[in-house]
Amino acid sequence: MKFGQVEDPSKIDFTLPKDHPRTKEILALNKKSLENISIGCAKWNKTDLKGFYPKGTKDELTYYATQFNSIELNATFYGMPTPDQVTTWKEKTPPDFKFFPKITNTVSHFRRLIDVTDPVTQFASSVINFDEKLGMAFLQLHDNFKPKDYDRLEKFVKEWPKEVPLAIELRNTEWFTDEEILNTTCELFEAHNITNIIVDTAGRRDMLHMRLTTPNAFIRYVGANAESDYERLDDWLKHLTKWKKEGLQNLYFFVHQNIEKASPLLSAYFIKKVNEEWKTDIHIPQMATESTGTLF
């Protein structure tokens with residue numbers, strides 16, 4: 001993942017900002033305990049995750065799902081999934097596995113939310129076949145999709161099929177730098193139960209808005225292939241522990257890297273730390289070469 005990549009990560013201040021004031025209020029609306037923790041990578045193919053798979057692995061998804069409990073499914077961004085394809089993916093994974101499919105780029109990038117009723121219906125009709133394994137679909141808008149196009153976003157949100165949980169990632173800086181625009185947009189998301197995605201990447205610190213619109217935290221973490229990646233994950237765990245105490249309902253945390261083969265390393269480290277801090281028992285991914293070893 002090259003988005004937000006910088007030449008020298010050591011020059012970036014990776015300090016997590018304070019929460020938006022509304023975030024604590026949103027978390028307090030959840031009267032249940034933490035229900036789900038999904039931590040995983042963004043891809044499962046061997047080409048990107050070199051060294052992760054044992055020799056002779058015949059089906060990458062089947063093996064991936066023995067090591068992780070979820071996947072940020074970017075494959076659906078590049079091509080509209082069919083119900084049969086979704087069913088095939090679902091049947092290759094264990095009962096507690098979750099998929100988080102990205103909405104196809106026809107909707108977000110080519111049509112830019114204009115006249116998208118048919119592709120949205122097609123997408124939703126396909127991913128609903130994940131059944132209990134559907135975590136949350138997500139829409140990633142283009143960097144140049146700006147607040148001047150708010151009406152398109154509003155229409156999309158209001159017409160989105162409510163049967164499919166949805167998160168949205170806004171990328172243009174104008175969504176975050178104008179407080180009135182941010183508040184208006186987040187209020188729209190709150191009213192329609194849309195989760196506001198947080199992106200932590202070196203070159204775009206403005207996307208680290210810390211503004212939740214549901215009691216769900218959907219975080220796309222982009223490492224810089226630097227030692228600081230691990231310290232940043234430690235900081236995230238401290239912050240998420242605070243949110244957990246304040247009412248966090250679901251955690252969806254997906255790890256990217258500029259060089260993706262390191263993603264399982266970071267994910268395994270984070271899972272281990274979560275288990276230690278939260279007394280959970282999430283499986284820690286193993287080394288491809290040692291069935292008893294872990295990825296760090």
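Strands β4 and β5 (residues 166–169) pair in the parallel sense over four bridges. Two strands count as paired when DSSP finds at least two bridges between them. Helices (H or I, at least four residues) and strands (E, at least two) are DSSP runs, numbered from the N terminus. The model is predicted: local features need pLDDT of at least 70, side-chain atom pairs count only at pLDDT 80 or more, and totals for chains, interfaces and linings use all residues. Residues are numbered from 1 along each chain as its sequence is written, and side-chain values use heavy atoms, with hydrogens and water left out.

**The sheet around β4**

β4 and β5 belong to an open sheet of three strands, in the order β4-β5-β6 and with parallel pairing. At its edges are β4 (137–140) and β6 (195–196), each of which pairs on one side only. Strands of a sheet pair through backbone hydrogen bonds, either parallel or antiparallel.

**K158 in helix α7**

K158 lies in helix α7 (residues 150–159). Its relative accessible area is 46%, so K158 is classed as partly exposed. Leaving aside neighbours within four places in sequence, K158 is in contact (heavy atoms within 4.5 Å) with L188 and H192. K158 and L188 are 30 residues apart along the chain, and their C-alpha atoms are separated by 8.8 Å.

**The chain as a whole**

The chain has eleven helices and nine strands. A compact globule of 296 residues would have a radius of gyration near 19 Å, and the 18 Å of this chain agrees with that. The radius is taken over C-alpha atoms, and the globule rule is 2.2 Å times the number of residues to the power 0.38. Among contacts between residues at least 6 apart in sequence, 76% join residues at least 24 apart.

| Property of the chain | Value |
|---|---|
| Span of the C-alpha trace along its principal axes | about 55 × 45 × 40 Å |
| Residues that count as buried | 56% of 296 residues |
| Accessible surface (Shrake-Rupley method, 1.4 Å probe) | about 13,300 Å² |
| Share of that surface from carbon and sulfur atoms | 50% |

The chain has 39 positive (Lys and Arg) and 43 negative (Asp and Glu) side chains. The centres of the two sets lie 2 Å apart, with each charge placed at NZ of Lys, CZ of Arg, CG of Asp or CD of Glu.

Terms used. Buried means under 20% relative accessible area, exposed over 50%, partly exposed in between (1.4 Å probe, protein chains only).
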